Amino acid sequence: MILVTGATGTIGSHVVRLLTERGVPFRAMSRRERPGGVRADFEDPASLADAVAGVDSVFLVTVPPVPTADHDLALLTAARAAGVRKIVKLSAIGSGERFEGATVGAWHLAAEEAIEAGGFVWTMLRPPSFASNLLWHRALIRAGEPIPDLTGDSRQAVVDPRDVAAVAVAALTGDAHDGRRYDLTGPELLTFAEQAAILERVLERPVRTTDAGTLDRLPAGMRTGIGWARAGGAAYVTDHVPRVLGRPAGTFERWARDHREAFTAGASNP
């Protein structure tokens, strides 16, 4: 039995889809009632104990409003007590790097270290920016308004969330990826403005960007990560997605074409 946390999110929803297609038993965890799922909250230890009961492997995704390892650690405590064997954690590229006196992704690093120290079999997934992050701005795009650019001239190998989910499923359902850290990148380095230009071509309508300005309003942990990316820290491509999946990583343009309607009509699964 596999527990999928963040089952309604950007990556978890695709993990759920892939496990369903393959007929793999799983339990989808979310904070709301779902058919065939389990309702649990990272701040409710009793609900976590129920969620991990009888589970062999966990896909661990936490998105606390302020960066902290607390939710990961709460799940790990419940998992260890329940005898969970494997944790596949969604982390982030650059976690553990030092930038301007701070640690990039410090909360992810703390959780990764706790997983290793907890005696679990593990795989760490460290993607950069998701192609689907452009969906956050679809209302502005539909209205013809410029979208905020946080990363300026820096480039990242933007990754298709479906590729991240496919690697997660490979790690959850086999042992070939145990003890591995994967930087799951797309196949090309793009600035945010270049992503907007590709989307503009796909949508056949203007997609403009504007400098987001200072990062002072963001939590310190997020400022460190974005600052590191702005300085070029994430400007590299790996072969980890094709190595695991046996096919090329998806391009941003392919993702944009597959999700064109999400920017022109109703909502779509990212």
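Me: What should I know about the model and the numbering before we start?
Reply: This is a predicted model, in which local features need pLDDT of at least 70 and side-chain atom pairs count only at pLDDT 80 or more, while totals for chains, interfaces and linings use all residues. Residues are numbered from 1 along each chain as its sequence is written, and side-chain values use heavy atoms, with hydrogens and water left out.

Me: OK, the sheet then: what is the strand order?
Reply: The order is β3-β2-β1-β4-β5-β8-β10, seven strands in an open sheet with parallel pairing. Strands here are DSSP E runs of at least two residues and helices are H or I runs of at least four, both numbered from the N terminus, and two strands pair if DSSP finds at least two bridges between them.

Me: Which strands stand at the edges?
Reply: Those are β3 (37-39) and β10 (180-182), and because each has a single partner strand, one side of each is left without a neighbour in the sheet. From one strand to the next the twist averages 20°, where angles run from 0 to 180 degrees between N-to-C directions and axes are lines fitted to C-alpha atoms, for helices over the stretch in contact.

Me: Is β5 buried or exposed?
Reply: Strand β5 (residues 86-90) is mostly covered, with five of its five residues buried, and buried means under 20% relative accessible area, against over 50% for exposed and partly exposed in between, using a 1.4 Å probe and protein chains only. K86, V88 and L90 point one way from β5, I87 and K89 point the other way, and all are buried.

Me: How many bridges join β1 to β2?
Reply: Three bridges join these two strands, which run parallel, and I2 stands opposite F26 in β2. Four of the five residues of β2 are buried, so this strand is largely enclosed by the rest of the structure.

Me: Switching to helices, which strands does α3 lie across?
Reply: Helix α3 lies across β1 (2-4), β4 and β5, running at about 175° to β4. Helix α4 also packs on the sheet, where it touches β4, β5, β8 and β10, and its direction makes about 170° with that of β5.

Me: At what angle do α3 and α4 pack?
Reply: Helix α3 (residues 70-82) and helix α4 (residues 106-117) pack at an angle of about 15°, with their axes 9 Å apart. That makes α3 roughly parallel to α4, on a scale where angles under 35 degrees count as roughly parallel, over 145 as roughly antiparallel, 65 to 115 as roughly perpendicular and the rest as oblique.

Me: Which residues meet there?
Reply: D72, L73 and L76 in α3 meet A111, A114 and I115 in α4, contact being heavy atoms within 4.5 Å. The residues of this contact divide into five nonpolar, no polar and one charged, where Ala, Val, Leu, Ile, Met, Phe, Trp, Tyr, Cys and Pro count as nonpolar, Asp, Glu, Lys and Arg as charged, and the others, Gly among them, as polar.

Me: What about α1 and α6, how do they pack?
Reply: Helix α1 (residues 12-22) and helix α6 (residues 161-173) pack at an angle of about 55° with their axes 8 Å apart, and they are therefore oblique to each other. By class, the contact of α1 with α6 has nine nonpolar, two polar and three charged residues.

Me: What covers the buried residues of α1?
Reply: The cover includes β1, β2 (26-30), β4 and α6, and the buried residues of α1 are G12, S13, H14, V15, V16, L18 and L19. After α1 comes G23, whose phi is positive, near 70°.

Me: Last topic, why does D163 count as buried?
Reply: D163, which is found in helix α6, counts as buried because its relative accessibility is 1%. Not counting residues up to four places away in sequence, D163 touches V241, L245, R247, A249, G250 and R254.

Me: And R223, which residues is it in contact with?
Reply: R223 is in contact with L215, D216 and L218, leaving aside its neighbours within four places in sequence. R223 is found in helix α8 (residues 220-230), and at 31% relative accessibility R223 counts as partly exposed.
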